[in-house]
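Please look over the notes below with the model open beside you. They are kept brief and go point by point.

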Amino acid sequence: MRKKIMSMALICIASGASAEGDWTVGILGVGATGVYVGEDDAASFAPILSYDTEKFHIGLDGLSYQVYDYGLGQIDLVLGYRGAPGFPEKKALFDGLKREDAVELGISTQLEFGNAYVGLDTLTDVTDEHGGTEADITLGYVINAGGLQIDAAVGARYRDDKLNQYLYGVSAAEATAARSAFAAKNTTTAFANLTVAYPITDNLAAVAQIGYEDLGKNVDSPLVKKSSTTGIGIGVAWTF
């Protein structure tokens, strides 16, 4: 999964950015299931830090700038960061597998129909670390209930063979007695996210998120032990 501190939807819920600009800071307790062989389920803390204006966002999850508003929604240019796969250390299966962090450029658009929305996001590596592309289509609905703001979304994620090779593949040159070669292919897989925000004060909000992603054909990789991954985050965010 892309290593984002928190989703764009959660940032918008927590911050309510204005034209003058708002800072959002906070902390999340995060946990995720390990998908690689020998990788334990992990729990840690992650900072929240972002600055938002009406058109511009910069944060630990990346940068975006609104270039066009077409009434039902907007088109944003996005610059994102993908951390190298977290292969387990001191595990012979992964000896000699080298991956570097990547920077990705893309376009994001979201059409809004009352409380419902449809999003389309694309990202392509511009640092030639994997040279691949990822595209998401998301169907979501926002519910306001008793102070809670709930954002429920499902979607499909396309990844090309280059990106899947970076995440789960083993080239012929990387094959050893411990791991066979695996040529990753294009995949289209399902994902789901649930984000909840609750205002504690005018500037402080409690936030929570749970996400699920299927690995599709990548489950056949000798590096993989699970067919899906789940992540959760719980914390607080302060906007000023």
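Predicted model: local features only at pLDDT ≥ 70, side-chain atom pairs only at ≥ 80, totals over all residues.

1. Local features are reported where pLDDT is at least 70. Side-chain atom pairs count only at pLDDT 80 or more.

2. **Salt bridges overall.** How many salt bridges does a search of the whole structure find? The search returns nine. A network of salt bridges links Arg82, Glu104, Glu134, Asp136, Arg157, Arg159 and Glu213. Side chains of opposite charge can pair when their charged atoms come close.

3. **Arg157 with Glu134.** These two form a salt bridge, and their closest N and O atoms are 3.9 Å apart. The cut-off is 4 Å, so please check this pair by eye. Arg157 sits in strand E9 (residues 148-159) and Glu134 in strand E8, so the pair ties together parts that are 23 residues apart in sequence. Arg157 and Glu134 are both buried.

4. **Glu134 with Arg159.** Glu134 also meets Arg159 in a salt bridge, at 2.7 Å from N to O. Glu134 belongs to strand E8 and Arg159 to strand E9, so this pair ties together parts that are 25 residues apart in sequence. Glu134 is buried, and Arg159 is buried too.

5. **Glu213 with Arg157.** Here the side chains meet in a salt bridge of 3.2 Å, N to O. Glu213 lies in strand E11 (residues 204-214) and Arg157 in strand E9, so the pair ties together parts that are 56 residues apart in sequence. Both Glu213 and Arg157 are buried.

6. Asp52 is found in strand E2 (residues 42-52). Is Asp52 buried or exposed? Its relative accessibility is 7%, so Asp52 counts as buried, the cut-off being under 20%. The Asp52 side chain has a polar contact with the side chain of His57, at 2.7 Å.

7. **Negative patch.** Which residues gather in a patch of negative charge on the surface? They are Glu100, Asp101, Asp128 and Glu129. Glu129 falls in the loop between strand E7 (116-125) and strand E8 (133-145). Glu129 has a relative accessible area of 35%, so it is partly exposed. Asp128 is in the loop between E7 and E8. Asp128 reaches 66% relative accessibility, so it counts as exposed.

8. **Positive phi values.** Most residues other than glycine have a negative phi. Lys90 is another non-glycine residue with a positive phi, of about 55 degrees. Lys90 is placed in the loop between strand E5 (73-82) and strand E6 (102-113). With a relative accessible area of 86%, Lys90 is exposed.

9. **Nonpolar patch.** A nonpolar patch on the surface is formed by Ile27, Phe45, Leu148, Tyr198, Ile200 and Val236. Together these residues have about 560 Å² of accessible area. Where does Ile200 lie? Ile200 is in the loop between strand E10 (187-199) and E11. Its relative accessible area is 47%, so Ile200 is partly exposed.

10. **Ala152.** This residue is in strand E9. Ala152 has a relative accessible area of 34%, and therefore is partly exposed. How many Å separate the C-alpha atoms of Ala152 and Tyr81? The separation is 24 Å, for residues that are 71 apart along the chain.

11. **Val67.** Strand E4 (residues 62-69) holds Val67. Val67 is partly exposed, with 44% relative accessible area. The C-alpha atoms of Val67 and Phe56 are 9.6 Å apart, and the two residues are separated by 11 residues along the chain.

12. **To take back to the model.**

Note on methods: Residues numbered from 1 in each chain as written. Heavy atoms only, no water. Helix = DSSP H or I, 4+ residues; strand = E, 2+ residues; numbered from the N terminus. Buried < 20%, exposed > 50% of the residue type's maximum accessible area, 1.4 Å probe, protein only. Polar contact = N/O pair within 3.5 Å; in protein donor to acceptor, adjacent residues only side chain to side chain. Patch = residues over 30% accessible without salt bridge, like charges linked within 9 Å, V, L, I, M, F, W, Y side chains within 5 Å. Areas by Shrake-Rupley, 256 points an atom, 1.4 Å probe, with all protein chains shown as cover. Lys, Arg positive; Asp, Glu negative; His and termini not counted. Charge placed at Lys NZ, Arg CZ, Asp CG, Glu CD.
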